[in-house]
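Please read the following briefing alongside the sequence and the three-dimensional view. The points are grouped by topic.

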Amino acid sequence: MSSARGIFVLCSEPDRTERAVNALLSAGLPMSDIIVISSEPLERYRFAELKKVRMPWLVVCGAVLGGMGGFLLTSLTQKGLAIRTGGMPVLTLWTDGIVTYELTMLGAILTTIVVFLVTARLVFRNHLPYDPQVSQGKVMVGIASAPDALRDKIAEMFKAIGEIRE
Amino acid sequence: MAQTAEQIQRDLLRPVLDPSRRAKPVIAGLALLVLAGFSAWMYQMYTGIGVAGIRRPVFWGFYITNFVFWIGISHAGTLISAILRLSNATWRRPITRCAEVITVFALLIGAMFPLIHLGRPWLAFWLAPYPNQRGLWPNYRSPLLWDFFAINTYLIGSLIFLLLPLIPDCALLRDNVTGWRNKLYSLLSLGWRGTQKQWHRLEAAMHIMAILIIPVAVSVHTIVSWDFAMTPVPMWHSTIFAPYFVAGAIFSGIAALIIAMVFLRSSLHLEEYLRPECFDNLGKLLLVMSLLWFYFLFAERLTTWYGNARPEIAVFWLTQRGPYRHLFWVMVGCNFVLPFPLLAIKKLRTIAGTFLASVAVVIGMWIERYLIIVPSLSHKFLPYAWGTYRPTWVEITITAATFCGMALLYLLFSEVVPVVSIWELKAGLREPVR
Amino acid sequence: MERRDFLKFGVLTGATATLTACEKPVQQLVRFVPEEDFVPGVATWKPSLCTLCPAGCGVTVRIMDGEAEVVRNGQRGILKMGLAKKLEGNARHPVNRGKLCARGQAGLQVTYHPDRVSGPLKRSSSRGSGDFQEIGWPEALSEVVTKLAELRSQQQADSIRFVTGEMRGHRRELINQFLASLGAPAAVQFAPLDEPVLRRANVLAFGRAAMPSFDLERANYVISFGADFLGTWNSPVAQSIGYGEMRRGRPGNRGKFVQVEQRMSQTGANADEWVPSSPGSEGLLALGLAHVIVKEGLRSNPTEINSSREVEEKLKDETYSPTQIATRTGISANRIERLAREMAAHPPSIAVIGGTPLAQTNGLFNALAVNLLNMVLGSIGSPGGMFFAPGASTVKEASSANQSVDFVAQVLSGGLENAEVLFLDNTNPVFAMPPSWQVSQKMKRTPFIVSFGRFMDETSVLADLILPDHSPLESWLDDVPESGTSEAVFTLAAPAMRPLHNTRAMPDVLLEIAHSLGGSVSEALPWKTFEEMLQASYRELARAERCHPTDGFEKFWGRMLEQGGWWDGQCQIHSPESPALEFQAPEFVPPRFDGSEQEFPFYFQPYVAEAFLDGSLAHLPWMQELPDALSTVMWGSWLELNPKTAEKLQIQQGDLIQVRSRHGSLETPAVLNPAIAFDVVAMPMGQGHAQFGRYAAQRGANPMSVVAPLQVEQVGSLAWAATRVSLSRTGRKGRLSLASGALYEQEKELELR
Amino acid sequence: MSHCWGMAVDLDRCTGCGACVIACQAENNVPTVGEEAAQKSRTMHWIRIERYYEGEFPNPRVRFRPVLCQQCDNAPCEPVCPTYASYHTSEGLNGQVYNRCIGTRYCANACPYTVRTFNFFNPVWDKPLHLQLNPEVSVRQIGVMEKCTFCIQRIKASEIQAKAENRALREGEPVPACVQSCPPKALVFGDLNDPDSEVSRLARSPRGAKLLSELGTQPKITYLQRDSWDGPNS
C-alpha cells in the first residue's frame, strides 16, 4: 500500500507554505490535490482560491423542502381535524404561513449544517495525517497520496522548506 | 495590534487550560442560587401554580415577563454577530462568540418560562406536532404554536451558529490537552484538520448561517410580540408591537452583551482583546437602539393618548399616573434618560459609561416587559373585573435564579472553551487594515 | 329473590373488599345495606320546603344515588343512598313558582356541612367552654325525661322555657301542645328577621298581625320605605317575581319604583328614584305624601274606613305640608309634591315599609304612617295593591305577633334567670342580641339547657345537652306561607333523603320524651312520630270544605307529597275581613338615637346581609363566597361609608376602622359606597361569629356588639338602627376580599387627566 | 334543524340578587376557594353580577349586569389555545375540554369579558360537602381553565330526552341552572335559530345590545338595557 501514502511538509511561515505549494504545482500536481492544513484560514493565498461551491443552492433546496413540509404539516393536520376555532376557517393560511416560514428557515439551517459537515468531511472519518504543531501556527502542505516516484521528488523539494511528515 | 498569533493563542487558551481558582466559590454560590430557584419550581409543581401571585385577571405575571425578557436578551448575540459578520466589521472579531453564547443560554432560559408558567407543565409536550392515536394535532392558529416553532428554529440555528466557528478552536484545544479532555475536545472538533477546503466550507457555511439567522431572529421576537398583539387586550392589540419588540430585544441584547464583556474583560484578563473600541462601537449601537426604543415608546403612547379609546386610555393612565407610574418613569429613566447622555457624549462613552448604561437598560427593559403585560391584563374591558397582581416569593426566587443561572452558564462556558474566537482573531491579524 | 335481598347478600361478602387491595387501609368501614331503591345515575326530584327564612318557598330536591359515610345504630359505615344534589324552586308552588334565591339554593350545604353536630352531646366541663362528650340517644333522652319528671313532681313546670327561631307549621303546633301538656308556658319565638313592629302596626290598622303581601305584578307605582323586598325582606322570591313582571311583564307599561333609605340596599339599587330621607323620618315622609294627595284631592278610590273624615282632616293639617316636612326629612318640598302627584296619578300604587325604618325608636309611627299612605292610595286589598295572604290566618298568625318582643321581655324581666329548664330550637339570641342585654350571662345561670341545634353556635355552646336535629332535607316539614301568595297554601314535604348522622328530628324527640314521661303528657300527644301527627292533622284539613278530597285521604296525602303541598289555585286578593275602622292618623314621634351627635357623629345602620340574613347562614361556604350585591365583599364583614366622608377622615378602602358606640366597639375594614348618606355608616349583620363551624367562626365582626339596647316605642322590640357611633382609623389594613375591581364603569380617568 | 343556543339578559328585570351565581355553583360543581384565595380574586364563579355605581350621593344609581361566558361566534379565547382545549362546538358554544387543557391561561387573557376561571389549586370540598357534587359534571383538577358551558349537561339531557320521545325540543327546554333560578326572569335561554323563540324575540328588541360589541366577538348573549321611567306608558 505504499503507493497510497501521502507526503507533507511542516512549514513554519506563510512564505514557505507558498513555496511548498508552488513546488507541488511544479511537480505537475493539480491544485485540487494539494492539501494545506493550517490553524487559521489562509485566505489571501493563491492556493486558497477554490472553485465556487454549490452550498447556497443546496440550502435553497433544503429551505423549499422545509417549507413544503411545514405547509403540509399545518394544512393536512388542520383539514384532518377540521375543528373551527374563533370563527376562523378550518384552513387558516395566514397562521400556517408563519409555521411554514419557520420550518423553511429550519430546513435551510439544517441543510447548511449537513452540507457543511459532508463537504468539509467532518464527523465522517478521514485519514489525513495531522501534526499537533499545526495548532502552534505551523502549516502542513502536501498531498494525500502519491506514487513513490513522485513522492521522492517532492520529498527532495520539501527538504529545503521544512520538516517532512509522511 | 501588538499581539502575535502565539500571544493570542496563549492569552485566550489560558482561562480554559488554567482556570482561575477564584471562580470556584463564585460558581458554587451561583449554583446554590440556581438550586434555590429550581427548588422553588419543584415546590410550585408539587403544590400548584397557585403559589405564584397570578390571579384573575392577571393570568400572566413574572414568568411571561421573564420569558419575553430572556428571549429579548437572546437577540444580543446571534443577530448582532450576524449583522457584524455580514458587514465584515473588523471589531466584531473578539466579541462575536461571547455574543452568540448569550443567545443560546438566554434562549434556553427563556424557553423554560412557558413551561414554568403552565398549569400542567407535565403535559407541555402536547404543543409538539407528533402523530398520535387520537389524531389530535396542535392548533396552528395559536401564537404559542408559532412560538414553539420559532423558538425551536432559533435555538437550533443559534446553536449551530455558535458551534460552527467553535470547531477549529476545539481542535486547537484538543491539541493542547491530554486525557479525558482530549477525548472531549476531539469529539467536539468533529475531526477537524484545518485543510484549506474545510476552512473554505466553514466560512461559506458561516456566511449562509449569518444570512439565515437574521430573519429567524427577527421572526422570533415578532412572534413573541404577537403572543400579545393577537389578543383583544387593551394596548396589546397593536401593530406596532412587532417592530417595538424586535427593537427592544436588540436593545436589551446589546446591553446584556456589554455587561458580559465587562465581566469577561476583568475576570479573564482580556483587556488586550476586548478593547475600548469595542465598547465604544457597541455603545454607539446601544445609543441608536435607545433612540429607536424611545421613538417606539413615544409612537405607542401618543397613538393611544390621541385615540382616547376607553379601554386603552384606562391602561394608559394606569401606567402614566396610576399605581404603575413609578415603574413607568424608572423605565424611561433607565432606557433613555440615563443611557442617552452616557452614550451620546464621547467622553462618557467609556467602558464604565457603557457598562452603567447597559445595566440601566437591562433593568429598564425588564420593567418594560412587566409594564406591557401586567397593567393591560389588570385593566381589561369590564372595570368590575379589574384586578391587581403581586408576585410571590416563588416567582421572585425563580426570576432571581435565572439571572444567576445565566451567569453560571456563562462562567462555566468560559472555562470550557475560549470565549473569544482564537482563529478569527488570528485571521484578523493578517487582514489588511481597511 | 328480590333486589333488596340480593343486595343484602352482596353486602355480607363484598364488605370492604375493595379496600383490601390498598396498601394502607386507613379505616375499614362497614358497608350497610341500602335502605331504599333507586336507579343508578338517574335523578329524581322530590319536593321539599325551604326553612332558611320565613318566606317558606317550595323546593324540589334533585336526588341521585351516591355513597356516603353515615352513622347507623351508633356505627359508622358506608351507605349507598339517595343524596340531595341540588335545590330548585318548586315550579308548582304558588309562592316562588319554580324560582329560588341564592340562600335557598345554598340550603343544600346545611345538610352536608362538615361541622354539623353529628350526634347527641353532653357538656363535659364548665359552661361555655365548648367541651362536650358524645353520648347515646337513650342516655340523653333519659336525662331530659328525668329532669322534666322531677320538675313536674315539684310543681315547677312553669319554670320550663322553650325558645325557638322562626317556627312554622306543625313543629310549632307540636311544641305548643308539648308545653301545654307539661303545664309549661308557651314557647317564645326569637327570630331577628321577624318584623314585630309591622305586625303591631297591621293589628292597629287592619286587625291583622300578619306580614303583608304585595301584588307587584299589577302595580304601576311602588314606593318602598327601607324595605329590602327584592333581597331579604318578607318573601323576596315572590316579590322579585312580581317585580320582574311589574317592570317588563306588561308590554308598554313599566311600573315606577321609588326607594326611600339612607344606605342603598340591593333593592334600592333597582329603583328608578332613590330618596335618601334622614334616618327615622320615613313615616313623616309618608304622611307628607298622603297630605299632598288628600289636600289636592288626587285620590281615585281610597280604602273606606269609618274614621276617614277625621283622618283626612288631620292629614290636611299644615304640620304635614311638604314645606314643613322637607326640613325634617331632608327631601325638598317640590320633590315630595312631585312624588305624591306621580303615585296618585299612576294607580295602582303600593307603599312598602320594612327594615331600618322599623328598627328606629319611632318604628311603629313609621309603619302606621305607611299603612295610612296605603289607605289613602286605596291599595288595600285591591289588585296591584297590598293584601294579606289567605293562609296567613289559618295556622301562624294567631300566636306569631310579638313573639320576639316576648323574648326581649323575657330577657329584661328576668324570665331567663328564673328558668329551671331551657329548650332551644333553631335560634341564636346570644349572637343576635346586643351584648348589653347580657343574654349569654343570664342563660349561663339556667340550671339545665337543652339545645336541638344542628350546629355549635354561640347559644348552643352554652347548653348542657345537645340533641341535634335532622337537617331540613332529612325531616318532615310543613308550613303555611304567611305572605307572598294570593292562594291558600299548605306546604308539606317528606324527608328528601335519609339522615347522614346520628341525629333525630326534634318533633320525634319531643314525642319520645312525652311518651317516656307518660300520663297526661303521653295522652295529649298520642302520635308515635311527627309523620303520624301530620297525617292526622292533614286528615282534618282534607275534610275541610276547600280541599275536597274526592278519592279518599290516602290519594290526597299522596298527591300532597308528590307536588309538595296543597293549594287551591284561586287568587284571593281582598280587603282584610276586619279592617280597623276606627284607625287614626298616627302622631309624629321623633326618633331617638343613642349617643350624642358631637361625640358620635354617625348613624350606625346594621342591615340584613343578603348572604347571611341575621347570621344564621354565615356557616355556609357558598354564602360566604357570594359577593355582596353592592359592596361585593366576600368572606368577611365591612363598614360602608361615603367616599366623601372617608376622604374627610382620611380613610381609604380596606383600612381597618374602629367603630365605637356608648356600648362597645368593633374593628372592621372600610368599604367606600357612593350611595350612602354622609352621616350614615352601615354594616352587614351575620358575621363575627365566635362559634358556628369552620367557615363562620372568628370571621369579621358582629355589628350587634356596638348596638345600643334601645327599644321600639310601644312595641318593645330592639331598635337596632338607633345607635350613633364614632369612627377612628387603626392604622392597619383590614382583611377585605372584594369581587369588584372598580366602583364605576365609566372610570374617573377623565379626572386623572 | 341545528340549534344555536343563546341567552337574553333583561337588565330591567335583574335585581342583582345572586341566585344565578349559586345555582351555577351548585349545578356545575364550582368550588369555593376560601378567604385567602378570594382575596387574590381567584374565585371560581362562572357567572358574576357586575355592580357599577353612577353618580354620587344624593343621586347615586347602581346598575347590575350578570356576566357569564358570552359564547361568542368569533371567540378570541378559542384560536389562541394551542391544544384545542377551547374550541367551537357544532351548536355554536365555546367548548372547553378540561382534559386537553395544559394551563397556558392564554384564553383567559384573550377573553375580553374576563369570564374564564382557572384552577390554581385542586378544588377542595371538606367532607361530606363533596356529596353535593353533581355527578353529571366533571370536577376540574388543578391547572385547567374552566368557564360557563351554558349547562351543556342539561342541554344534552334535554336533547336525548327529546330524541327518546321522538319529538323536537320545546320552548323553555333545555334551561341552564342560572336561568332556571332567576326570580325576576331576567335571564332567558333558548334557540336563536328558531325565530319564534322568546330568546330570539328578545334578541331583536330595540333595547338589546351586545356586551363590548365593538370588539366584533359576536356574542350570543343579548343584554336588554335597563329602562328609565317617564310616565306610565314608557
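How many helices and strands does the secondary structure of chain C come to? The secondary structure of chain C comes to 24 helices and 28 strands, where helices (H or I, at least four residues) and strands (E, at least two) are DSSP runs numbered from the N terminus. This is a predicted model, in which local features need pLDDT of at least 70 and side-chain atom pairs count only at pLDDT 80 or more, while totals for chains, interfaces and linings use all residues. Residues are numbered from 1 along each chain as its sequence is written, and chains are lettered from A and ligands numbered from 1 in the order in which they are written.

**Overall form of chain C**

- The radius of gyration of chain C, taken over C-alpha atoms, is 27 Å. The globule rule (2.2 Å times the number of residues to the power 0.38) gives a close value of 27 Å for 753 residues, so chain C is as compact as a globular protein of that length.
- The C-alpha trace of chain C spans about 85 × 70 × 60 Å along its principal axes.
- Of the 753 residues in chain C, 61% are buried (20 or more other C-beta atoms within 10 Å of the residue's own, with C-beta atoms placed from the backbone).
- Among contacts in chain C (C-beta atoms, placed from the backbone, within 7 Å) between residues at least 6 apart in sequence, 75% join residues at least 24 apart.

**An open sheet in chain C**

- Seven strands of chain C form an open sheet with mixed pairing, in the order β6-β5-β17-β16-β15-β7-β8; two strands pair if DSSP finds at least two bridges between them.
- Strands β6 (132-134) and β8 (188-189) of chain C are at the edges with a single partner strand each, so one side of each has no neighbour in the sheet.
- Strand β16 (residues 448-451) and strand β17 (residues 465-466) of chain C pair in the parallel sense over two bridges. I466(C) in β17(C) is the bridge partner of S451(C).

**Contacts between chains**

- Five pairs of chains touch, and chains C and D have the most contacts among them.
- Chain A and chain C do not touch, and their nearest C-alpha atoms are 27 Å apart.

Notes: Two residues are in contact if their C-beta atoms, placed from the backbone, lie within 7 Å. A residue is buried if 20 or more other C-beta atoms lie within 10 Å of its own, exposed if 12 or fewer, and partly exposed in between; C-beta atoms are placed from the backbone.
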